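Open the model in your viewer and keep the selection tool at hand. We will go from stop to stop, and at each one you will hear what to select and what is there.

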Amino acid sequence: MRPAEPADLEPIVEIRAVVMRPDLERLGRYDEYRVRQRLRDAFCPEHTSVIEADGTLVGSVALRPSENGHWLEHFYLSPDVQGRGLGSAVLRTLLARTDADAELVRLNVLQGSPARRLYERHGFTVEAQDPVDIFMVRRPGKSRKRPPGVIPLEHQGVTRM
């Protein structure tokens, strides 16, 4: 990951349009102009990271400060790199930062999106929902996955008290 620059906007806009199209079409909400313009209107390079693989821009993620934590937004990965653990690696990196600062993270995901499973694996839970969006929250340190090499105390012969 690297910090986003204004010149990254249009490549990210196009990735967003491709990634969101199936879910937006399923929900009857796909609009070729609007799917691009919403990101153009909300883009804040100072809170956005570009995700690269082999030197190529393959996605983005924004972590925007809010009143009581952060909003995870604009997390898109090109379909050709999905399913390889890149999304989990990005989330682990961002969540390690928010955990260190003991901050909540919120996001919304479209109803029926497979991305919901990714977020749940990283400790996000449903806070509210409507016919289009599911709003999720993650409290600090709530990842269900252990970092590589960490062995639970019970498996080390240690009893919890």
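## Stop one: the enclosed space

There is one cavity of 30 Å³ or more, a cavity being, on a 1 Å grid over the protein atoms alone, a set of points where a 1.4 Å probe fits but cannot get out.

A word on the model before moving on: it is predicted, local features need pLDDT of at least 70, side-chain atom pairs count only at pLDDT 80 or more, and totals for chains, interfaces and linings use all residues. Residues are numbered from 1 along each chain as its sequence is written, and side-chain values use heavy atoms, with hydrogens and water left out.

## Stop two: the largest pocket

Next, select Phe75, Tyr76, Val109, Ala115 and Tyr119, which lie nearest the centre of the largest pocket among its 43 lining residues. A pocket is an open set of points with protein on both sides within 12 Å along at least five of seven lines. The volume of this one is about 1200 Å³. Helix H1 (9-26), helix H2 (32-42), S4, H3, S5 and H4 each give two or more residues to the lining; helices (H or I, at least four residues) and strands (E, at least two) are DSSP runs, numbered from the N terminus. The lining has 24 nonpolar, eight polar and 11 charged residues.

Buried means under 20% relative accessible area, exposed over 50%, and partly exposed in between (1.4 Å probe, protein chains only). Which residues does Tyr119 touch, not counting those up to four places away in sequence? They are Leu72, Phe75, Leu91, Leu107, Val109, Phe124 and Met136, where contact means heavy atoms within 4.5 Å.

## Stop four: Ser113

Now go to the loop between S5 and H4 and pick Ser113. Ser113 counts as buried because its relative accessibility is 11%. Leaving aside neighbours within four places in sequence, Ser113 is in contact with Asp23 and Arg26.

## Last stop: two positive phi angles

Most residues other than glycine have a negative phi. Select Asp54, whose phi is near 55°, in the loop between strand S2 (48-53) and S3. With a relative accessible area of 84%, Asp54 is exposed. Then pick Ala102, with a positive phi of about 55°, in the loop between H3 and S5. Ala102 counts as exposed, at 56% relative accessibility.

Notes
1 Å grid on protein atoms, 1.4 Å probe; cavity = no way out; pocket = protein on both sides within 12 Å on 5 of 7 lines; lining within 4 Å. Points joined across faces, edges and corners; volume = space filled by probe spheres on them. Nonpolar A, V, L, I, M, F, W, Y, C, P; charged D, E, K, R; others polar.
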